[in-house]
Amino acid sequence: MSPPQVARYNRRPMPTALEIKGIGDGLLVNVPTGSWTEARPALLQAIDERADFFRGARLVLQLTDRELGAAELGKLRDALAQREIGLSAILSTSEVTQAAGADLGLGLQIPAQSQPEPLDELAPIDSDLIGEEAVLMRRTLRSGQTLRHPGHVVILGDVNPGAVIIAGGHVVIWGRMRGVVHAGAAGDETAMVCALDLTPTQLRIAGHISVSPERRGPGRPEVAHVRQGQLIAESWQPEKQKESRKDRTVG
Amino acid sequence: MSATVVTVTSGKGGVGKTTATANLGVALAEAEQRVVCIDADIGLRNLDVVMGLENRIVYDLVDIVEGRCKLRQAMIKDKRLGNLYLIPAAQTRDKTAVSPRDMVKLTDELRKDFDWVLIDSPAGIERGFRNALAPADIVLIVTNPEVSAVRDADRIIGMVEAEEKEPPRLILNRVKPEMVRRGEMLTTEDVLDVLAIDLIGVVPEDDGVITASNQGLPVALNPRSKAGKAFREIARRLMGEEVPLEALQSPNGFIRRISRLVRG
């Protein structure tokens with residue numbers, strides 16, 4: 001087993017729990033339970049702890065049966081706007097809250113996705129396998145370019161110094177990772193970052209941050225993940241892969 | 001007959017955009033091409049100084065755009081080469097005086113009478129850069145073998161790609177072969193490794209460039225200058241000639257590697 005390749009220099013405290021779900025091009029957030037005077041600051045605090053992830057996002061709030069007036073909703077919308085977050089819709093079973101939302105011009109259901117419905121022919125052959133959605137980008141991310149996505153991210157190309165990827169899930173790069181990458185940005189510690197050459201300016205998974213050590217020589221495929229509270233990077237070992245395929249014959 | 005519009009840009013300042021524009025203009029004109037250079041760096045003009053035409057300015061780019069003079073009146077004929085012209089930038093105004101649409105209109109008018117329209121872009125990524133980029137058929141990125149300059153070049157390449165222009169081509173300027181040999185400077189290979197675009201020329205550091213700029217005599221006019229030779233070769237490559245990148249032939253088959261990077 002190879003030693004940790006990424007030096008850990010800082011660890012942030014565990015972020016406040018918050019249920020987030022990616023929906024099309026926005027985020028669905030469950031508002032914490034409790035009275036509004038407690039829930040509202042708790043929600044904003046949880047968002048502030050993930051400021052990078054939320055900045056520029058469009059939000060749909062799940063308010064369940066909570067009763068809120070237009071003044072309260074309006075204040076929340078303004079507080080979100082200050083954080084560069086757009087409140088696009090609220091989900092509520094309360095008629096009072098729904099009326100307040102409608103007064104403010106907010107949507108009352110999850111906005112329709114702009115993407116077309118997948119064709120029948122593309123339905124998975126084996127319905128037992130349920131995949132997760134990811135965005136795939138086939139290009140080089142250059143300095144100054146940022147990719148944010150609530151789900152997983154796959155890049156076919158390089159990520160140059162000065163480029164930034166922020167993903168809610170895993171990040172897979174078929175190329176060189178030399179920019180800044182944040183996987184599990186909403187707090188998912190099981191997220192991984194894989195690249196053919198993993199030498200990021202800075203690598204973050206959930207609340208862990210690390211920088212790449214100086215390295216000479218050619219790059220090699222590596223996987224970074226959090227193990228026992230430590231952010232580590234390990235090389236991908238072809239030997240292990242060979243072992244598991246030994247019994248197969250290659251014609 | 002229609003001119004090709006070439007925009008010379010970099011992102012970072014001081015890497016040699018103006019020097020490159022002036023020298024490519026001179027080199028193309030020497031090859032009997034009809035050339036007009038436009039200084040798009042409004043408020044900080046200096047292409048006129050480098051070309052030695054400062055004292056002939058009457059009208060400028062903003063005067064044309066705002067209709068105070070005819071296009072021909074603002075075009076300054078070079079004192080040495082009869083088929084080279086300069087449209088200077090305004091010294092007193094700022095970049096908001098011209099819009100990207102104005103630049104497209106202006107270059108469209110010039111296209112019929114010239115073979116090449118060279119635009120010297122200002123540093124930065126704001127309005128002035130947008131103005132210079134809007135009419136470009138070919139974008140040349142100038143950079144130095146320094147990490148900060150390469151980073152800015154990368155940013156600019158991303159922005160050119162976003163405009164759906166042809167992939168830009170790279171001029172690597174002010175390379176010191178001595179320092180590269182000692183491993184103290186980024187190599188051409190290091191730079192292309194990040195930028196992954198087509199290399200159109202490598203210009204060695206040459207003290208003659210500074211003297212030449214001060215005197216208003218671009219080094220491309222000097223047959224003995226190394227930098228001048230590099231700029232003349234870039235001009236020939238722009239004209240479609242196959243000129244080998246001789247200075248780059250290091251033992252490890254470097255050219256092959258570049259072409260692989262570029263096509264890959």
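Predicted model: local features only at pLDDT ≥ 70, side-chain atom pairs only at ≥ 80, totals over all residues.
Residues are numbered from 1 along each chain as its sequence is written, and chains are lettered from A and ligands numbered from 1 in the order in which they are written.

Confidence is given as pLDDT, the predictor's confidence in each residue, from 0 to 100. For chain A its mean is 81, and 79% of the residues reach 70 or more. Over residues 1-12 of chain A, pLDDT stays under 50, and the model has 35 contacts for them beyond four places in sequence, a contact meaning heavy atoms within 4.5 Å. Over residues 115-119 of chain A, pLDDT also stays under 50, but here the model has zero contacts beyond four places in sequence.

The next subject is the sheets. Strands (E, at least two residues) and helices (H or I, at least four residues) are DSSP runs numbered from the N terminus, and two strands pair if DSSP finds at least two bridges between them. Strands of a sheet pair through backbone hydrogen bonds, either parallel or antiparallel.

One open sheet of chain A consists of four strands in the order 2-3-4-5, with mixed pairing. Its edges are strand 2 (20-23) and strand 5 (86-92) of chain A, each of which pairs on one side only. From one strand to the next the twist averages 25°, where axes are lines fitted to C-alpha atoms and angles run from 0 to 180 degrees between N-to-C directions. Within this sheet, strand 3 (residues 26-30) and strand 4 (residues 58-64) of chain A are parallel and share four bridges; A:L28 has A:V60 of strand 4 as its bridge partner.

Another open sheet of chain A has six strands, ordered 6-8-10-12-15-16, and its pairing is mixed. Strand 6 (134-137) and strand 16 (230-235) of chain A each have a single partner strand, so one side of each is left without a neighbour in the sheet. Here the twist averages 25° from one strand to the next. Strand 10 (residues 171-177) of chain A runs parallel to strand 12 (residues 193-198) of chain A, and five bridges join them.

Three bridges link it to strand 9 (residues 164-167) of chain A, and A:I166 has A:H182 as bridge partner. Strand 11 of chain A is also joined by four bridges to strand 13 (residues 202-205) of chain A, where A:I205 is the bridge partner of A:A183.

Finally, chain A meets chain B through ten residues of chain A and eleven residues of chain B. About 890 Å² is buried between the two chains, and carbon and sulfur atoms give 34% of that area; buried area is the accessible area (1.4 Å probe) that two parts lose on being put together, summed over both. Five salt bridges are counted between chain A and chain B, a salt bridge being a side-chain nitrogen of Lys or Arg within 4 Å of a carboxyl oxygen of Asp or Glu. Among salt bridges in the model, one joins B:E161 to A:R139 (3.8 Å, N to O). Another links B:D193 and A:R178 (3.4 Å, N to O). B:D193 lies in helix 9 (residues 188-195) of chain B and A:R178 in the loop between strand 10 and strand 11 of chain A, so this pair joins two chains.

Definitions and conventions. Heavy atoms only, no water.
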